[in-house]
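Please read it alongside the sequence and the model.

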Amino acid sequence: MLINEKNGKKDSSIKKIRVIIVLCVINVLLLISYFLLTHFAIKNVIVDGNKHYSAKEIQSMIMTGYLGDNSLYLSLKYKNKEIVGIPFIETMDVVVQSNDTIKITVYEKALAGYVEYLGRYMYFDNEGVIVEAAKVTTKGIPQVTGLDFDHVVLYEKLPVENQEVFQYILTITKLLNKYDVICDKIQFDANYNVMLGYGGIKVDVGALENLDEKIMQLPKILPSLAGEKGVLDLQNYSSDKKTTSFEREK
C-alpha cells in the first residue's frame, strides 16, 4: 500500500509539473504574440506613384486579413513578391521601413487615353493596345474621339486605319504633361487635326505643326477663361506668328 501511495504522489507531482510547464509555455507564447502584435503594428503607411486609386484604396488592397496591419507579417507575405492582377496597375512593391512604417510603391500602367465602346471605357497604352475595360472614367486620362473602329479586343491593338495616330496621341500627352495642362478630351477630325477639351473650353490646335509652341500658351491662357464656354483658336499660332482668338459660345 505504501508503494502505491508513493507512486500516486509521484504521478501527481509529475502532472502538476507538466501543467506548470504547459502554462509557462502558453504565457510565453502569449507574451511573444502580444509583443509581435503591438511592436509591429503599422501606424504609418506611405503610398507613392498612385493616380487611379486613392492611398486608402491602395492600403485596402495590400493590408488584408487578420494580420494585415502587421509590418512583420507583410514583410514575409510580400518578400520578393510583386502584386499583380489589379486593374490599371502594373505592379506594386511593399517595403517595410521600420516596425511601424511601410511604403507601398505603385507602378501604374502607362495609359495614353480611352475610347468609349458599348457602354464601357476602353483604356489603351501608348502603342494603342487595350489594357483595361472599365465602367467609370479615370481623372487625368483623356477621352479620345474621332477614331474609326468596328470592334475592340482586350490586350490587342485598337483596330484603326492609321496606326500612327497613337504616336500623335503620345506626342500630345507628353506636351500636356510637360506644361501641366492635362485635358479631358482629345478629338481628331478626318485629317487628324486636333481639338482639346477642357470642360466648357475647346482648344482648336489644328495640325500638329508647332505643337510645342501652341500648348506652351495654355498655362497662360486657360486660367483667364475659367468659367467660360467657347473655342480658343490656336491653329495658326507659331513662334513667328503669335495669333490666338477666343470665340465665346452664344
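Just after α4, D180 takes a positive phi of about 55°. The model is a predicted one. Helix α4 itself runs over residues 165–178, and α4 also gives the most to the lining of the largest pocket.

**Helix α4**

- The buried residues of α4 are V165, F166, I169, L170, I172, T173, L175 and L176.
- Several strands pack against these buried residues: β4 (111–117), β5 (120–125), β7 (143–145), β8 (185–188) and β9 (194–198).
- Helix α5 (211–216) also packs against the buried residues of α4.

**The largest pocket**

- The space in the largest pocket comes to about 490 Å³.
- Its lining is made up of 22 residues. Nearest the centre of the pocket lie K51, L111, G140, I141 and N177.
- By type, the lining residues divide into ten nonpolar, seven polar and five charged.
- Both β4 and α4 supply at least two residues of the lining. The contribution of α4 is five residues, the most given to this lining.

**Aromatic pairs**

- The count of aromatic pairs comes to seven.
- One of them joins F88 and Y123 in an edge-to-face arrangement, with 5.0 Å centre to centre and 90° between the planes.
- F88 lies in the loop between α3 (71–77) and β2 (89–98), while Y123 is in strand β5, so this pair ties together parts that are 35 residues apart in sequence.
- F88 and Y123 are both buried.
- Y123 also pairs with Y114; this pair is tilted, at 5.1 Å centre to centre and 40° between the planes.
- Y114, like Y123, is buried.
- Ring pairs link F88, Y114, Y121 and Y123 into a cluster.

**Where the topics meet**

- Strand β4 packs against the buried residues of α4, and β4 and α4 each supply at least two residues of the pocket lining.
- Strand β5 likewise packs against the buried residues of α4, and β5 holds Y123, the partner of F88 in the edge-to-face pair.

Technical notes:
Residues numbered from 1 in each chain as written. Predicted model: local features only at pLDDT ≥ 70, side-chain atom pairs only at ≥ 80, totals over all residues. Heavy atoms only, no water. Helix = DSSP H or I, 4+ residues; strand = E, 2+ residues; numbered from the N terminus. Expected span 1.5 Å × (residues − 1). Buried < 20%, exposed > 50% of the residue type's maximum accessible area, 1.4 Å probe, protein only. Contact = heavy atoms within 4.5 Å. 1 Å grid on protein atoms, 1.4 Å probe; cavity = no way out; pocket = protein on both sides within 12 Å on 5 of 7 lines; lining within 4 Å. Points joined across faces, edges and corners; volume = space filled by probe spheres on them. Nonpolar A, V, L, I, M, F, W, Y, C, P; charged D, E, K, R; others polar. Phe/Tyr/Trp six-rings, centres within 6.5 Å; stacked < 30°, edge-to-face > 60°.
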